[in-house]
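Subject: Structure for your files

Dear colleague,

Here is the structure I said I would send. My notes follow below.

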Amino acid sequence: MEACRPTPDQNSVYLVFDGGFVVEAEVTSGDDFKAHVFSSSSELLEKLHEKWNTGKEQPYPAMYSSVFGGIVLDPAMMVIPIDDHMVHRGHGVFDTAIILDGWIFYELDVHLDRFLRSAAKAKISSPYPRSTLRSILIQLTAASKCRKGTLRYWLSAGPGDFLLSPAGCPTSAFYAVVINEDFMQCKEGVKVITTTIPVKQPLFATMKNVNYLPNVLSKMEAEEKGASASIWVDDDGYIAEGPNVNVAFITHDKELILPFFDKILRGCTALRLLELAPRLVEQGHLKSVKTANLTIEEAKCAAEMMYVGSTLPILPIIMWDDKPIGDGKVGELTMALSDLLWDDMVAGPETRRLLVPY
């Protein structure tokens, strides 16, 4: 929830409710501002519906909440309790999956396994067994009728109180939402910076938890400097990852190198890239594929550089800290790797994809 702050010469106060609904109240000073008291839930719901009844396609066609015990299709009701420990303590984990051409994708089972590993590290037990979580995600996507977008899901310590310990939470909570989102294969290169935001410690970097403030700040820092995103360097001086993606390099000797995963998130798309890339070795386009430590100096001398992530799946990087990578153009091998992943997403084996029963 973010507050929209008026400029000093405005006499307005803005309040943001769930779903991004904005209420404006004209006041002359803070002392004169009077918060509206909603007399009933129906009055509040009517107000919330004003946000969504625009005639436009809803960005969030369906949500599941274990608190509600079912699937919600009304975006005005897609809320979570404020005393949920994921909200006020950041005690939660999440993961994602891609919906493409009517398939739940990319690699739902691989993402779900990582999701539960993250939950175990965060000491959050699931309210349902893995098979039920998987079934809920499939049913949710079918109910949403979304054929292209993302599926995001969270495990939280649950609602209960505002204390630090989750001991007062009766049960953990599971939430999931379908997001209508148009994405396509990335073919244009972007600029990045080395962030000054401290890198996450390995315990937190290797679990996909909701504590993303460092990620947000590193992204904002890049945007403030006219770049797309950033690169983290670990405490030992080795390349780590991007704000919410892995990073990969191609050397002038045509070696594909990704940083070791011992201190960063094991990206599912990055792992799939390591499985597919040997095809280019067999074809003679690449010399080798490996994970290794890379110093920032070594990385900046790469012939090609790219982000690797679920919705990209490859995003070429052509400039880093205002200096070109290679010749400063999108590399042929970068796009060859992108084609491998994109083809796998669109028409890969059904062991990697799951048809949604709409």
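Does Arg-272 count as buried or exposed? Arg-272 counts as buried, because its relative accessibility is 8% (buried means under 20% relative accessible area, exposed over 50%, partly exposed in between, with a 1.4 Å probe and protein chains only).

Before the rest, note that this is a predicted model, in which local features need pLDDT of at least 70, side-chain atom pairs count only at pLDDT 80 or more, and totals for chains, interfaces and linings use all residues. Residues are numbered from 1 along each chain as its sequence is written, and side-chain values use heavy atoms, with hydrogens and water left out.

Arg-272 forms a salt bridge with Asp-344, the closest N and O atoms being 2.7 Å apart (a salt bridge is a side-chain nitrogen of Lys or Arg within 4 Å of a carboxyl oxygen of Asp or Glu). This pair links distant parts of the chain, with Asp-344 in helix α10 and Arg-272 in helix α7, 72 residues apart (helices are DSSP runs of H or I, at least four residues, and strands are runs of E, at least two, numbered from the N terminus). Asp-344 is also buried, at 5% relative accessibility.

A second salt bridge joins Arg-272 to Glu-275, with the closest N and O atoms 2.8 Å apart. Glu-275 and Arg-272 are three residues apart in helix α7, so about one helical turn separates them. Glu-275 is partly exposed, at 46%.

Glu-107, Arg-272, Glu-275, Asp-344 and Arg-352 are linked in a network of salt bridges. The whole structure has 14 salt bridges.

Regards
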